[in-house]
Amino acid sequence: MKYFSMLIKPASSICNLRCKYCFYSDVSQHREIKNYGIMGQEVMERLIAQVLSYFNEESSISFAFQGGEPTCAGIEYFRNFTKFVAEKKNDFHHIHYSLQTNGTLLDDEWISFFKKHQFLVGVSLDGEKCIHDELRPNNLGQGTHDTIMANIEKMKLAGVDFNILTVLTRQLAQKPKELFEFYQKNDFNYVQLIPCLPDFESKEDEYSMQSTDFYHFYDIFFAEWYAAYLNNQIMSVGYFDNMIPLFANLPPQMCGYLGFCSVQFVVESDGGVYPCDFYVLDEYRIGNIQEMSLEEIVKSAVARQFVKEPKRMSKLCADCRYQKICNGNCKRMNICYFDDEFCALQAFMKKHEEKILAIARRI
């Protein structure tokens with residue numbers, strides 16, 4: 001079976017929140033056009049037709065939606081999307097939907113829709129109310145934690161599959177034990193911790209992670225996680241789910257963990273195609289889905305150049321025993337992991353290698 005995933009931004013950079021560290025706000029500020037608006041029906045239908053016609057055999061196709069805030073595109077956009085897919089797909093097309101949301105606009109209508117079409121919903125939530133509300137206010141400056149938690153409860157009751165997406169800021173990195181306990185208390189068993197990045201012009205800011213922050217957080221967080229694991233209380237954590245299998249010679253689920261790039265098919269609302277969500281920038285624009293086929297996109301000079309681009313490395317990589325399973329990690333995110341004096345990934349794996357290997361042997 002062939003596998004294909006496309007990341008779609010139906011509302012471009014539109015968002016009803018004003019998160020203080022928003023990476024996509026920074027990305028869009030570096031483009032000539034910051035906001036491409038809501039994706040039109042013609043672009044949407046062309047996108048779907050292109051993907052479905054490209055695969056003429058047993059295929060698993062994932063349509064993932066992100067923003068900005070994708071629900072700002074309105075529920076009718078998604079109804080039309082799923083309807084058009086259902087009309088055009090073949091029996092050998094196995095369709096999967098996912099959506100990353102700040103969770104504030106979800107009501108019974110949205111939740112019923114997610115359940116009907118079996119969406120996996122990633123909800124952005126930065127732990128306890130005090131930190132979350134400080135970092136993720138709405139456009140009126142009001143906290144959003146209570147609204148999101150209430151909507152998560154509605155999704156639980158409706159049986160919607162969801163996970164928690166937490167941006168690991170410098171502030172939150174100081175509270176690893178508290179964050180783990182928050183997840184446990186609320187039965188959040190599927191979580192992804194996303195290191196907060198500085199903007200393109202900076203090496204750091206007041207919210208972004210540094211390598212020492214990363215190590216401090218995961219050193220303590222892993223100890224809590226491992227104790228729960230031994231108690232048969234299993235929590236899926238993105239970093240562990242991708243890092244531990246490497247010790248069993250198994251590939252990671254997410255790009256970047258092996259230190260090389262691949263084309264990710266990110267589509268902005270105007271149909272513009274980019275190779276990576278971190279690089280939805282004018283200089284990396286491959287073309288437009290309305291004008292190019294998927295085959296042309298894959299073979300484009302921009303896509304090839306992106307994959308071959310050199311990246312920042314550390315002199316510590318030269319004699320690192322983990323170099324072959326890391327290779328400098330993701331070229332955009334590795335600014336949070338190492339410099340020439342200290343590598344958080346190296347230090348973490350070295351300290352916890354015995355426990356990591358014990359888990360890897362069970363895979």
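The expected span is 1.5 Å times one less than the number of residues. For the 14 residues of H3 this gives 20 Å, and the end C-alpha atoms are 20 Å apart, which agrees.

I noted that the model is predicted: local features need pLDDT of at least 70, side-chain atom pairs count only at pLDDT 80 or more, and totals for chains, interfaces and linings use all residues. Residues are numbered from 1 along each chain as its sequence is written, and side-chain values use heavy atoms, without hydrogens and water.

I then listed the buried residues of H3 (buried: under 20% relative accessible area, 1.4 Å probe, protein chains only). They are Ile75, Tyr77, Phe78, Phe81, Thr82, Phe84 and Val85.

I searched the whole structure for disulfides (two cysteine sulfur atoms within 2.5 Å) and found zero. Cysteine 261 is in no disulfide, and the nearest cysteine sulfur, that of cysteine 330, lies 6.3 Å away. Cysteine 330 is likewise in no disulfide; the nearest cysteine sulfur to it belongs to cysteine 276, at 6.2 Å. With 14% relative accessibility, cysteine 330 counts as buried.

Key:
Buried < 20%, exposed > 50% of the residue type's maximum accessible area, 1.4 Å probe, protein only. Helix = DSSP H or I, 4+ residues; strand = E, 2+ residues; numbered from the N terminus.
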